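I opened this notebook to record a few local features, one entry for each place that I looked up. The sequence and the structure come before the entries.

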Amino acid sequence: MASLRYNTSYWEERIPGMKSASLESKLHLIFSLLIYLGLTIHQVLNFIFSENIKSVKDRASLYLAHRPSASDASDQFHPSSLLKLWYERWPASQQHLHVMIQPYAHKIVLAESNKIITDPSLQVRLKNLTISDLREILKPEKLLEKYMESAPFTFSLLQTFSASPNRYRKIKAQTFQAQGQETMDLEEDEMEDDPNLDYNAGGEERTHAEYNEWRKTLKGFNRNPVYCIVLTISMLAYVRNRATNVLPLLLGLFFKISGTSSRVMTMLSNTGVSVSGRTVERLKAFVSDDAIHLAVNLIKSGEPFYTIFDNINLFLRKFQQRLTNQNSMIHATNCAIVRLDGVNSAAQDLGDMLKLRGKRVHARMEDILPTREDDAHIENAFQALIAEILVRYCPGSKQWKDRGKMMTEIVKMMPSDRPLDASKTDARPFGVFDVNEGSKKGILEVLKEIQERSMLSEEEWSSKVRIIQGDWLTSSNLRAARRDRFDDVNSMERVEYVAELSALFHFALQMSHAIMRTHYGHAVRNPSCLAAHKGLLNRTWDVNKPNYAAAKSLIRHSLIARIIHCVMVKKNFTRRATLEKWRPTISELQDMASTVAREFTTSAAARTAQVEGHDDWMAHSIYFMRDSLFFCEFEDAVSHADPGRVIRVLKYWSLLFRGAGQHNYGRECAEVLVRWKYELTPAQRSALEKSWFVNRWGEKGRSIPADLYVEQLNFWIKVGTTLNGA
């Protein structure tokens, strides 16, 4: 092996004692020798890092070695300190250094790109995609971890590009620091542009924990740069390799079902943000087939379940109408299968249900009338609801001392009656049937279609109790069909296996209509009626066919205003400013809620105001507050999945519906009450009560009516089909 021509003895003869000289003296000696010999630094460095002489190569390798244990960052990798000196002392050469670094940066990025596009976990094959796979990839934190692990260099570059403060933020941060403020709040125009802010129904600002977390390190930003980085890497990978389609597939599905037009979808696909519209349609078809397959598996498993369906009307608008090609409407039926967890298998015993059918002949009027126990329960519920409204909406309540503790105590005030445990509901869409279920004939066709799609024979399908849930018309048609076929050939044709159940959302919907019909009034003759409040709030929707959300908003708004006015009357406050200074304790708040409930929400108080006080406006206002609080109690009972509270409210609603002229739902309330008492076993009653609720999150207080879940499915079907001209 070659060696240096001048060894150690050669230098000891010519410069004796220099070995023990200081480092500075040695460096000066070396560089003076370079100058004397006429060597350039380029020649020396090129010799050091290209020569194969062992002693030279060993020192070059030692120079390029990484020392992770070194305390100083510059000592961990020596070339980094050299590069830093070049940047700091020769700024004119920085552009040439950039040109020098770029090819190697390209190699790093290419290697990371290869790693990403060949990762099987980032590739989705539509033919093999199932709903469980879709739920698994709907976790953005996994995608973030994968990108940070596979492309750290690319990720850091993009993070520097997007997360570095601009000149405005730097100046603003310096100003805040000079003023001694730790946080840099967003200005009003910046807040309006912030996409992460949300507001709840009461107008209170609601922020998520992760929303505040990233703002601690990125002060002044109103968008999280990490989202942009993940999207950018995903776009680049998808453009290079269409098989790396995890995020583009999810975004394409999201855009499509949210109503994005085909032209915008094409633009997004061309930029790599999402897959094409046709790919999304294929994805929807595969996912729908898998959903139906999962529902069939649940039906064939033998586990308790219930079936819920609702009509869905799809309008077909023609671009140019002709006599033979006009606008039309598809009247279809959307269906879902929902597992019943914790239900006794005895609930499926058809013989037990048939033995009790007809026992309602023993029913009495007292069975559907509220009892004193019901009155006491409703009184306590009204007090809790009024106290909650005051804590949430009373002017100045945000400055109340221990407001959080007040809310905790108020939650304890709300009475309960057989609440169900909070667990995540296993609801499985069963697809759409091209059948109109709005008649007796249609309802029988739907049942036949469901039986055939379930892959069970008629004998298997009709051998057990099948809970069928829908609106009042569905239940009425099922009962009418059963009456017409009581002497048919078998259980399937007699429809005797069906345990029909009217869903709760339609009860609430009809009650919102009943309240609007009863309390709308005339804005000129009665300034306390809903018509006057609707005008004050500039609400312009049609009162004859009110939208549920709009009607509910008006009802709650008017109720809150009346309760706050009652407080002002009892406290002798004449100005809002005085009310804002009110600082009640929890006991004072409970006493006030009790007073308002006793004096302003009972039928007796309304009669007293009308007969003794000759104040019709006051009486009407009390009746409205009573009916609205019943409505709020029903919704709160549904959200907490408390069937006992629902049953209690139905006793009052059976009379309220009749008074409002909505006799169908008045009779349906009585139907539920009588059937619950005389024609159901305890196991069947428990199964029907659990069938009322769907909890998509498994959290307490977040249940919704099962028919509202189907209405949400209807919405997504309409959005996803009408835009394609279906």
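**Entry 1: Arg479**

I looked up the accessibility of Arg479 and noted it as buried, because its relative accessibility is 14%; buried stands for under 20% relative accessible area, exposed for over 50% and partly exposed for what lies in between, with a 1.4 Å probe and protein chains only. I am working from a predicted model, in which local features need pLDDT of at least 70 and side-chain atom pairs count only at pLDDT 80 or more, while totals for chains, interfaces and linings use all residues. Residues are numbered from 1 along each chain as its sequence is written, and side-chain values use heavy atoms, with hydrogens and water left out.

I located Arg479 in helix H23 (residues 472-484); helices (H or I, at least four residues) and strands (E, at least two) are DSSP runs numbered from the N terminus. Setting aside residues up to four places away in sequence, I found Arg479 touching Trp472, Glu500, Glu668 and Glu671, where contact means heavy atoms within 4.5 Å.

Angles run from 0 to 180 degrees between N-to-C directions, and axes are lines fitted to C-alpha atoms, for helices over the stretch in contact.

I then traced an open sheet of five strands with mixed pairing, in the order S5-S4-S3-S6-S7; two strands pair if DSSP finds at least two bridges between them. Strand S5 (427-433) and strand S7 (498-502) are the edges, each pairing on one side only. Strand S4 (residues 328-339) runs antiparallel to S5, and six bridges join the two. I noted Ala336 opposite Pro429 in S5.

**Entry 2: H3 and H4**

At what angle do helix H3 and helix H4 pack? I recorded about 95° for H3 (residues 41-50) and H4 (residues 54-64), with axes 7 Å apart. H3 is therefore roughly perpendicular to H4, a term that covers 65 to 115 degrees. Phe47, Ile48 and Phe49 in H3 meet Val56, Ala60, Tyr63 and Leu64 in H4.

**Entry 3: Thr271**

I placed Thr271 in the loop between helix H16 (262-270) and helix H17 (277-300). With a relative accessible area of 36%, Thr271 is partly exposed. Beyond its neighbours within four places in sequence, Thr271 is in contact with Met235 and Val239. The C-alpha atoms of Thr271 and Met235 lie 7.3 Å apart, although 36 residues separate the two in sequence.

How values were computed. Parallel < 35°, antiparallel > 145°, perpendicular 65-115°, else oblique.
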